Amino acid sequence: KRPSCGLAFDLAMPLIWGLATGLRVDHVSPPAGTDGVGFPYNGTDYTWLTWGLGYKLGERVQVGATIQHSYSNNPYPQLTGLSFGLNYRPNTHFAFSGVAHDFNGPSTQELPPNGDPVLGRLFIAGAAFRPTGKRNLELDLEARYYDAIEQVRPRIVGAFDVPGVGRIRGDVEIAQLGNDDKRGIVATAGAEFYFSVFSAGGGAIFGNGLGSSRSVGEYVTAS
C-alpha cells in the first residue's frame, strides 16, 4: 500500500507576558484504488487548520493548548479536536511531558475494515534525556495510548548534531507490540542542514506499519 501524501505549513511567534502562539495548516491527499489507505479516507483530500497558544509559567514549566478543525468534501474527517500539553524541565539534562490529544473525542466510533475510529482520544507521556545538557545529543522515550482501541504504542527517538552541518535524527514506533501476527513498525530516518538562519532537510519513512514491509514514504522540511 502507498502511504498518504501531504503538505504542512506552520508559523509561530512570541507574544507578551510569557505567551506564544502558532498556526499550522496540513493538507493530506490519501491515495485511492487498491493500493490506497481504504475507507473512510480513500482518495478524498482533507485539510487541517490548527491554532495553538502556549504559556511559559517559568524556566521549568510550560503549558499549551490547541484547537483544530478538518475541512473536506468527505463527511467523515470533518471534525474539531481540542488538545492540551504540559512540559516540565527540572534541569538541563531531563524533560518530561504529557499531552492529551483530541481529549474531546471528536469521532470515537469504530469503522471498518480495521475497527479504528477516525479521530479518537490520544494520550502521550514522554521523557527526554540530554547527556551533555544541550540539544547536540538527545534521546526521547514515549508511550502513546489510543483510548478508542485501548492500545499502547511505544516510541523511541534519537538525534544528534553534526557541527557545521546540521542534525541527524531517527525514530521507531511499534503498534501491537504483544501480537506477533499484527505487530506493525514505522520508522523514520532523516537529516536537517543549517544555512545561516535557514534550515532544510528530509528523510524516509518506512516499515510494515505503513501497509506492508515494502512501503516507503519520503518527507522534506524547510524553516
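1. A word on charges to begin: Lys and Arg count as positive and Asp and Glu as negative, while His and the chain ends are not counted. Each charge is placed at NZ of Lys, CZ of Arg, CG of Asp or CD of Glu. On that basis the protein carries 18 positive and 20 negative side chains, with the centres of the two sets 5 Å apart.

2. Please keep in mind that this is a predicted model, in which local features need pLDDT of at least 70, side-chain atom pairs count only at pLDDT 80 or more, and totals for chains, interfaces and linings use all residues. Residues are numbered from 1 along each chain as its sequence is written, and side-chain values use heavy atoms, leaving out hydrogens and water.

3. On secondary structure, the protein has 13 strands and zero helices (DSSP runs numbered from the N terminus: strands are E, at least two residues; helices are H or I, at least four). The radius of gyration, taken over C-alpha atoms, is 18 Å, close to the 17 Å that the globule rule (2.2 Å times the number of residues to the power 0.38) gives for 223 residues, so the protein is as compact as a globular protein of that length.

4. Now a closer look at one residue. L23 sits in strand β2, residues 19-29, and is partly exposed, at 44% relative accessible area (between buried, under 20%, and exposed, over 50%; 1.4 Å probe, protein chains only). Beyond its neighbours within four places in sequence, L23 is in contact (heavy atoms within 4.5 Å) with F9, D10, L11, L49, T50 and W51. The C-alpha atoms of L23 and G52 are 6.4 Å apart, although 29 residues separate them along the chain.
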